[in-house]
Amino acid sequence: MIKKMFTLLVAVLFVVPFVIAADDFDDDFGGDEEESEEAEEEEVEEAPAKKSKEMSESDAAMKDLMGDPEEEKPAKKEQEDSEKADAEDNAPAENAAAGNSIKGLKPVLLVKGGFTPYGSYKEGGKSLSTMFGSLDEGIIGVEYLGKHVLAKGTLNIRTNYAFIENGSNPLAKVNHHSVQNGAANALYEVYGGVKFYDVFIKGGKLIPEYGLVDTWQNLGMGFTTPFLTRSLAVVEGFLPETDAGLAIGYNGIIKKDHNVFVGLSLGTGANASEFWESDRTMGLYGRVGYGFKDYVKAAFAFQYRNDYYVKKLDHIGIGVHINVAAKGFEMPITFDYNMMKMVKDQSARKSTTSMLLSLAPGYAYHFNHEWIDKVGLALRYDLVQGVYLDGTGDYLDWRNYRSSSMIMRIGVTANFFTKELAGVRAMAGLTFLMQPESTVDKKDINGDGKKKDYGFTTIALQAGAEF
């Protein structure tokens with residue numbers, strides 16, 4: 001209070017002398033007439049405003065006397081402002097199909113793991129049992145989706161998975177370890193970029209622009225083994241899970257419901273290369289896709305990679321990925337075809353092929369409950385044509401590969417999911433998965449007696465959460 005009085009006193013001491021001087025100036029030079037004219041003009045201007053104010057006060061008094069409610073205009077305006085704010089808050093949902101559902105900085109969290117109380121496989125004709133726990137995916141980090149700025153940095157922490165480690169596919173092992181062994185490789189996605197009118201340019205280490213492989217980063221129908229939580233082309237190792245390089249493309253919403261996306265990325269290419277040190281490999285990935293609301297999403301995929309192993313070896317892959325969902329039913333379908341060059345001996349190359357087919361039909365029953373969202377049941381069928389014979393062999397050695405041989409996997413999973421609470425969703429359930437025994441080298445070309453892939457059988461308890 002004393003401070004305010006002091007400030008007012010200072011103002012008076014400075015302002016009063018100027019007011020007195022101005023008044024003396026007007027008296028000496030005829031300022032009375034100008035002041036009179038200005039006063040008349042001010043009275044003319046203030047008259048309508050004063051009259052309007054008096055009428056407003058009179059109307060208010062009359063309404064108060066008659067018991068009428070207060071004016072509704074401000075309330076209506078507040079309601080309109082509230083609806084507008086809600087519309088702005090809900091607007092990003094229209095961009096969900098384009099991956100832009102949340103703007104600004106947000107944490108990224110996806111954890112999926114479980115325990116295998118029963119598992120068995122064969123090795124050297126002997127039946128072996130296995131019981132283990134696994135962290136299939138532990139993706140943690142931050143992401144920024146601004147109007148024109150993109151940035152992401154995540155780690156994917158994993159543990160070994162017994163049926164991959166004891167399997168016959170060396171390429172699958174390399175791909176599984178590519179984000180597991182060493183701090184540099186643990187950097188799952190680290191990139192920055194810009195975006196204008198839904199056109200993006202990103203640089204760093206990222207998921208290749210290929211089909212719908214980027215849509216597997218969620219709880220999905222609840223499968224929690226490496227064979228079932230990632231695209232089959234990634235699990236089998238025919239597509240690097242991440243690659244270091246540059247990506248450009250378009251991902252936007254047209255007429256609210258239609259999502260169109262096109263992408264092209266360049267990277268270091270080979271799965272077995274050290275992502276940060278490779279200088280003699282190249283990967284080119286592309287996709288063209290379309291989505292309609294949450295009902296359907298489909299994409300055509302293409303990849304070209306080369307690797308230097310005495311001579312340059314080429315890999316060309318094409319794929320068609322579709323995900324259809326309606327009234328609780330969900331049906332992901334992926335098909336990939338690969339044409340590869342391998343080393344037959346030190347002076348010759350051999351052309352081989354592989355074909356991958358994956359189906360995962362499921363149904364979810366939704367509940368009207370405070371925290372339970374749904375209970376889901378899903379089946380899984382994988383067909384792999386093109387089989388490796390020895391998991392410790394070279395993945396570029398033609399003698400370790402049979403393009404005409406096949407293996408398959410069948411499975412079923414049942415899970416319940418919680419509703420989103422504070423931005424977090426969770427699930428828990430049970431999975432059965434089996435890879436039946438199959439003959440992959442009838443003629444025993446290598447003469448090592450390994451004619452069969454004995455496969456495995458497993459039952460796993462599982463749980464996971466995502467933010």
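User: Before we start, what does accessible area mean here, and which probe is used?
Analyst: Accessible areas come from the Shrake-Rupley method with a 1.4 Å probe. For this chain, in a predicted model, the accessible surface comes to about 25900 Å².

User: Thanks! What share of that surface belongs to carbon and sulfur atoms?
Analyst: Carbon and sulfur atoms hold 61% of the accessible surface.

User: And how much of the chain is buried?
Analyst: Of its 467 residues, 39% count as buried.

User: Switching to secondary structure: how many helices and strands are there?
Analyst: You'll find 8 helices and 20 strands in the chain.

User: What about contacts between residues 24 or more positions apart?
Analyst: Such pairs make up 61% of the chain's contacts with a separation of 6 or more.

User: Now the backbone. What is the phi of Tyr197?
Analyst: Tyr197 has a positive phi of about 50°, and it is not a glycine.

User: Where is Tyr197 found?
Analyst: Tyr197 lies in the loop that links strand S5 (187–196) to strand S6 (199–206).

User: Is Tyr197 buried or exposed?
Analyst: Tyr197 is exposed, because its relative accessible area is 78% and the exposed class begins over 50%.

User: What about Asp198, what is its phi?
Analyst: Asp198 also isn't a glycine, and its phi is positive, near 70°. Asp198 sits in the loop between S5 and S6.

User: Which accessibility class does Asp198 get, and why?
Analyst: Asp198 counts as partly exposed, because its relative accessibility is 23%, and that class runs between the buried limit of under 20% and the exposed limit of over 50%.

Terms used: Residues numbered from 1 in each chain as written. Predicted model: local features only at pLDDT ≥ 70, side-chain atom pairs only at ≥ 80, totals over all residues. Heavy atoms only, no water. Helix = DSSP H or I, 4+ residues; strand = E, 2+ residues; numbered from the N terminus. Buried < 20%, exposed > 50% of the residue type's maximum accessible area, 1.4 Å probe, protein only. Contact = heavy atoms within 4.5 Å.
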